[in-house]
Amino acid sequence: MAFLFVTPTWPTGLWKAAMTKVAPKLDVRIWPDGTGRVEDIEYAAAWLPPPNVLKGLPNLKVIFSLGAGVDAILKDPTLPDNVPIVRVNDNDLTKRMTEYIVLHVLMHHRQQRRIDANQKQRIWDSFPTHAASALSVGIMGLGVMGQDSALRLRDLGFRVAGWSRSRKAIPGVECFAGAAEFNAFLARTDILISLLPATAETDGIINRTTIQKLSRRGPFGAPIIINAGRGRQQIASDIMRCLDAGELYAATLDVFAVEPLPADDPLWVHPRVTVTPHIAADSDPEVICAYVASQIERHRNDLPLFNLVDRTRGY
Ligand code: NDP
Ligand code: OXD
């Protein structure tokens, strides 16, 4: 039995070392040069697998994503039909995301970029601030990541709501569900956060129409967006247009339709946009490999796998 990394855009040597450290008995291989006999491979971890690579593994039993999202795997048009896909749901990854979301909500709320700009010019501008309870934060996606962020923001005093496909019940968090409640969710939201997966339904969801439906009652007079879900969810030209028209106050973007964000992209230099390089929740190799190794162990002992992907839903 062997395990194969099919992660051509990742530093695979580092990941192989991590997997070997946490599972020393596992025969760990790397596609393409170290694949060896394809018949040996029963487990594979993939991120942007080239077509026909996973399909060409006749004894493949489970495909692992090395992150929470699986769009990079589902993109493979030749993905074998009957092999289960397991995604990451791990406390380390979730807490990293929560740190990012809390950091950026607070950064906007406390106007840290304005303070940074003032400091550069030695300006002592002690502008009035407001309480967290003055801001309504709305999280699209109340899954593993969204729920943890919602709870921490609630504890800081923000008025928090979330929106998901199926209804949730989270103490102190107003829960909206489905397309029918989307407009009501937007209408009460000053800071809109996306922690949605990339699917056909969420593609382009952060567009001008969505932005125009957000609340304008918050302290900044226009809403703010934070996208740490996937770049496909935002229409970047709409974001720029809304910022320039005063329909949007500011944006934090961690994910982009094209990554790395090209050097000449106007988002880099817009004074009200904060760009981060898809690092909201970084996958730590040892933590993620330990998670994958534990699932392989379960599978080999005929125990059910956790965090299986529903291919029809797309996440
Ligand atoms: P989950 O699968 O646990 O949660 C996804 C949430 O989105 C669920 O609440 C789901 O609803 C909701 N959702 C999906 N489709 C829709 C829809 N059409 N309308 C309304 N709600 C919808 O995922 P995680 O929380 O673990 O991760 C979320 C995403 O975060 C990942 O898919 C990935 O894209 C992104 N991510 C980004 C990282 C980064 O570094 N920037 C790092 C890690 C993840 P329901 O609960 O009803 O199913
Ligand atoms: C993930 C990511 O999906 O890092 O985990 O984007």
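Predicted model: local features only at pLDDT ≥ 70, side-chain atom pairs only at ≥ 80, totals over all residues.
Arg122 sits in the loop between α4 (112-120) and β6 (136-140). I checked its backbone too: phi of Arg122 is near 55 degrees, which is a positive value in a residue other than glycine.

I found Asn52 in the loop between β3 and β4 (62-65). Is Asn52 buried or exposed, or partly exposed? Its relative accessible area is 45%, so I wrote down partly exposed.

**Two cis prolines**

Next I looked up peptide bonds. The one from Trp31 to Pro32 is cis, with omega near 5 degrees. Pro32 belongs to the loop between β2 (27-30) and β3 (41-46). I also noted a cis peptide bond between Glu259 and Pro260, where omega is about -5 degrees. Pro260 is in a loop as well, between β11 (250-253) and β12 (273-275).

**Ligand 1**

Then I moved on to ligand 1. Which residues come nearest to ligand 1? There are 29 residues around it, and Arg87, Ser166, Lys168, Asp254 and Tyr315 come nearest. I sorted the shell by type and got 14 nonpolar, eight polar and seven charged residues. The shell draws at least three residues from each of two domains, domain 1 (2-88 + 283-300) and domain 2 (91-275).

I picked out some polar neighbours of ligand 1. One of its oxygen atoms is 3.0 Å from a polar backbone atom of Val144. An oxygen atom of the ligand is also 2.6 Å from a polar backbone atom of Ser166. With Arg230 the side chain is involved: one of its polar atoms lies 3.3 Å from a ligand oxygen. How much of ligand 1 does the protein bury? Taken alone the ligand exposes 940 Å², and the protein buries 93% of that. The elements giving two or more residues to this shell are α5 (144-155) and β7 (159-164).

**Ligand 2**

The side chain of Arg230 has an N or O atom 2.8 Å from an oxygen of ligand 2. Ala68 uses its backbone instead, with a polar atom 2.7 Å from an oxygen of the ligand. Ligand 2 has 210 Å² of accessible area on its own, and the protein covers 85% of it.

**Aromatic rings**

After that I went after ring pairs. To describe a pair of aromatic rings, you give the distance of the centres and the angle of the planes. My count came to nine aromatic pairs. The one I wrote up is Trp163 with Phe182, which is tilted: 4.4 Å centre to centre and 40 degrees between the planes. Trp163 is in strand β7 and Phe182 in helix α6 (residues 182-187), so to speak of distant parts of the chain, they are 19 residues apart. Trp163 counts as buried because its relative accessibility is 12%. Phe182 is buried too, at 12% relative accessibility.

Which rings link into a cluster? Ring pairs tie together Phe3, Phe5, Trp10, Trp15 and Trp47.

Thr98 is in helix α3 (residues 91-109). Its relative accessibility is 5%, so Thr98 counts as buried. The side chain of Thr98 makes a polar contact of 2.6 Å with the side chain of Asp148.

I finished on Ala236, which I found in helix α8 (residues 236-244). Ala236 is partly exposed because its relative accessibility is 30%. How far is Ala236 from Val309? They are 73 residues apart in sequence and 28 Å apart in space, C-alpha to C-alpha.

Definitions and conventions: Residues numbered from 1 in each chain as written. Chains lettered and ligands numbered in written order. Heavy atoms only, no water. Near = heavy atom within 4 Å. Polar contact = N/O pair within 3.5 Å; in protein donor to acceptor, adjacent residues only side chain to side chain. Areas by Shrake-Rupley, 256 points an atom, 1.4 Å probe, with all protein chains shown as cover. Helix = DSSP H or I, 4+ residues; strand = E, 2+ residues; numbered from the N terminus. Nonpolar A, V, L, I, M, F, W, Y, C, P; charged D, E, K, R; others polar. Domains from an automatic or database assignment. Phe/Tyr/Trp six-rings, centres within 6.5 Å; stacked < 30°, edge-to-face > 60°. Buried < 20%, exposed > 50% of the residue type's maximum accessible area, 1.4 Å probe, protein only.
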